[in-house]
Amino acid sequence: MPGILITANRLEDGVVVWLATDFTWTETRSRAGIFDADTVQTARHSAAGDQTNNFVTAIYEVMVDGKADVSAREAIRANRGPTIQAPPDRHPSIR
Amino acid sequence: MYKYDTIDRDFLDRRSAQFRDQVARRLSGELSEDEFKPLRLQNGLYLQLHAYMLRVAIPYGVLSSRQLRGLASIARDFDRGFGHFTTRQNIQFNWIKLVETPDILDRLAELDMHAIQTSGNCIRNVTSDPLAGATDDEVENPMVWCEVIRQWSTLHPEFAFLPRKFKIAVSAGAEDRAATGFHDIGLRLVKARSGEVGFRVLVGGGQGRTPRVAQQLTPFLPKKNLLSYLEAILRVYNVAGRRDNIYKVRLKILVEAMGIEAFSDAVNMEWVGIRDSVVELPLEEFERIQRHFARDTLPPADLTSEILEAYCGKGHAFERWMRHNVLPHYDPGYANVCISIKALGRPPGDASASEMERIADLADRYGMGEIRFTYSQNVVIPHVRRDQLIRVFEGLGDIGLNGGENGLIGDMIVCPGLDYCNLANARSLPLADRIFQHFADAGLRDEIGKIRLNISGCINACGHHHAADIGILGVNKKGVENYQISLGGRAGEDAAVGRILGPSFDEHRVPDAVAAIVGLYLHRRKPDETFGDAVVRLGVDVFKRELYAAA
Amino acid sequence: MQRPDAQADSDGKVARIQVFAFAPAVMEDLPMPCLQLKTGDSMPEANILQSLSDSDVVAVYFEKFSDGRGFSLGRQLRGSLSCDHPLVANGHIIPDQADYLRRVGFSHVVIVPETLSQWQKSLVAVTHRFQALNTSPRTRSRPRR
């Protein structure tokens with residue numbers, strides 16, 4: 001089912017969030033609401049209100065085709081981290 | 001290196017408190033996002049793909065072991081345990097919380113560090129030669145002038161809201177190791193026939209969407225007039241820069257549009273009114289700064305038996321490291337050690353907290369407790385006694401950072417790309433690893449020799465792909481990550497912008513494309529001819545034909 | 001010459017404008033500027049300034065706070081044009097710019113009264129200066145050679 005996701009960063013910590021169907025913000029991509037032509041206006045209005053109230057910032061919308069994210073960018077964002085392995089923070093024995 | 005005094009420390013404390021107040025005003029809504037954004041950028045805080053990103057200033061790439069340990073602790077306490085070394089010789093952290101940033105700035109202030117001028121439309125962290133003050137091919141120590149410029153540009157009231165970011169680099173070596181030709185202002189310390197030292201001033205260089213090599217504004221600027229001349233250039237830019245068009249906003253476009261002659265006239269008109277005025281640096285202040293960079297007295301080093309002994313039986317890896325990563329020092333008993341933060345299976349430029357701590361330990365034990373970040377995203381420990389190089393090599397081996405890759409094909413400059421960046425079109429870090437895997441044989445990398453392969457994830461060119469022998473640019477082709485290849489760019493004295501070869505490749509085909517280009521070079525090169533020189537001799541078209549012949 | 005835009009509050013009423021002088025007095029109202037410039041204007045001809053009387057006000061209007069041309073204009077007016085009139089910044093400016101505005105030569109800003117304390121606070125938040133060092137705290141505290 002094609003539709004629209006509304007996503008943003010939470011102002012106080014920058015964490016990526018998505019607007020859920022109940023118009024709360026979720027940190028989990030799979031709980032994001034997918035809005036259609038009927039529901040998207042109300043969702044936008046709610047999201048904009050949260051931006052005005054300084055809860056989120058940098059709101060934008062993503063077109064989706066069903067549940068699959070269409071771009072690499074959105075997949076990486078949903079994964080909350082890079083697609084490569086970070087260097088290990090190990091404690092080597094000190095000579 | 002420059003040591004903070006009570007004035008510098010008091011400044012950082014107040015600055016940090018000021019930002020705490022600004023964050024509170026943003027959270028309460030007193031400041032809008034539009035108004036807050038330049039204020040947070042003035043403190044190094046971006047909003048990136050995953051969260052806020054904090055870029056900490058390492059002035060001209062120089063820091064102490066204590067400071068590096070402090071950065072490691074910040075990585076561990078406020079982020080995910082690692083940081084990323086940038087091409088402006090800074091470090092950045094990727095998952096920072098706005099509400100914790102004032103605490104981080106306090107922590108940095110305790111280390112005599114900050115995040116000022118690492119982002120936003122201001123004069124950015126001045127960059128320089130990572131071997132400054134530790135090499136004998138320099139006219140004089142450029143770090144003195146970097147520090148002068150750093151202080152002058154700090155809280156400059158006129159230039160806090162420039163049309164766009166503004167980058168200055170200073171070099172003093174016979175070899176330009178600071179890419180001065182690709183900066184808004186490039187300063188090269190030169191000695192006139194009279195023996196007087198001054199600056200050759202270049203303007204209007206830069207990469208990004210419209211790469212340009214800087215042009216000479218004046219062949220010789222007396223040192224005493226540096227600050228008034230910089231003010232004049234900046235004022236002309238601040239007034240006339242194209243604020244109406246983000247693609248035309250950098251100094252390079254203004255210089256090109258006006259022509260270097262007219263730009264020079266405009267600068268001189270401003271300069272005439274402020275030359276030799278209160279704007280100039282007082283001599284006593286210059287001398288105060290200069291004293292911080294006086295050469296340390298190095299204990300005499302024994303040059304003979306131990307080194308030879310150390311070589312014996314340590315094998316190929318140590319010889320490679322000695323050959324590529326041990327750089328000359330002004331004292332023949334000493335060396336500057338380049339640590340390659342590039343190795344198979346690790347993202348170029350990323351280093352973990354424990355790796356930073358180990359590097360700090362090695363700098364304390366075998367160097368003078370000083371560390372340099374390089375614009376090619378590596379680390380240098382200056383002033384290491386030659387007879388202790390083997391111990392440094394072994395110490396680095398414990399953390400897997402004893403690769404001898406400096407200047408070779410694995411030593412790629414790579415931007416964070418789509419894995420981290422809001423602006424990127426394509427990933428760069430996984431591609432770098434793919435290419436490295438393709439050249440996994442160290443013997444092959446040695447045979448190829450000196451070559452610069454750089455990767456940018458978008459046209460903003462943070463990965464310096466324009467200035468690379470082989471430049472790779474990530475593009476978005478109908479929603480799929482693709483990569484353009486260019487050839488023939490160089491930084492340094494004879495700076496040049498690379499030329500795009502042709503249609504782009506998907507990520508799977510890039511390593512083969514690179515291999516085809518390199519293969520042609522290996523086949524056609526003359527003895528001792530570097531890749532860059534071969535491209536100049538043979539011409540880019542020869543490589544282009546080879547690359548697309550198979551396709 | 002136009003009166004600078006009065007800042008309207010959310011109801012559309014015109015809020016009382018307060019002119020905040022960096023030192024020492026606060027004026028309740030801005031005298032009609034005799035010369036209203038905008039950021040981005042080129043420097044006025046010297047004879048225009050000469051035709052003003054000493055108490056006449058020169059104002060620079062910021063359409064957007066991030067338009068840094070106003071800072072260079074201030075410097076140029078005070079510098080090569082030797083303007084010694086009251087120099088007022090109006091339009092979109094924010095308290096965090098207070099010290100920068102003062103240091104490039106502005107003597108007054110036009111603000112809404114509610115922000116006065118924030119402006120005063122910002123003015124002293126960071127007082128360090130690293131330019132024109134002959135007059136800076138660092139070199140002033142040292143013996144002159």
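This is a predicted model: local features need pLDDT of at least 70, side-chain atom pairs count only at pLDDT 80 or more; totals for chains, interfaces and linings use all residues.
**Entry 1: chain A**

I began with the secondary structure of chain A and found two helices and four strands. Reading from the N terminus, I wrote the order down as β-β-β-α-β-α. Next I looked up burial: 46% of the 95 residues of chain A count as buried. I also checked how far apart in sequence the contacting residues of chain A are. Of the contacts between residues at least 6 apart, 55% join residues at least 24 apart.

**Entry 2: the domains of chain B**

I turned to chain B and noted its domain assignment: domain 1 covers 6-110, domain 2 covers 134-291, domain 3 covers 305-397 and domain 4 covers 413-549.

**Entry 3: where domain 2 meets domain 4**

How many residues of domain 2 of chain B are in contact with domain 4 of chain B? I found 13 from domain 2, touching 14 from domain 4. Together the two domains bury about 1,000 Å² between them, and carbon and sulfur atoms give 60% of that area.

Then I went looking for charged partners and found two salt bridges between these domains. One of them pairs B:R188 with B:E493, and I noted 2.9 Å between their closest N and O atoms. My tally of residue pairs in polar contact across the two domains came to four. Last, I sorted the residues on the side of domain 2 that touches domain 4: five are nonpolar, three polar and five charged.

How values were computed. Residues are numbered from 1 along each chain as its sequence is written. Chains are lettered from A and ligands numbered from 1 in the order in which they are written. Side-chain values use heavy atoms; hydrogens and water are left out. Domain bounds come from an automatic or database domain assignment. Contact means heavy atoms within 4.5 Å. Buried area is the accessible area (1.4 Å probe) that two parts lose on being put together, summed over both. A salt bridge is a side-chain nitrogen of Lys or Arg within 4 Å of a carboxyl oxygen of Asp or Glu. A polar contact is a pair of N or O atoms within 3.5 Å; within protein, one must be able to donate a hydrogen and the other to accept it, and residues adjacent in sequence count only if both atoms are side-chain atoms. Ala, Val, Leu, Ile, Met, Phe, Trp, Tyr, Cys and Pro count as nonpolar, Asp, Glu, Lys and Arg as charged, and the others, Gly among them, as polar. Buried means under 20% relative accessible area, exposed over 50%, partly exposed in between (1.4 Å probe, protein chains only).
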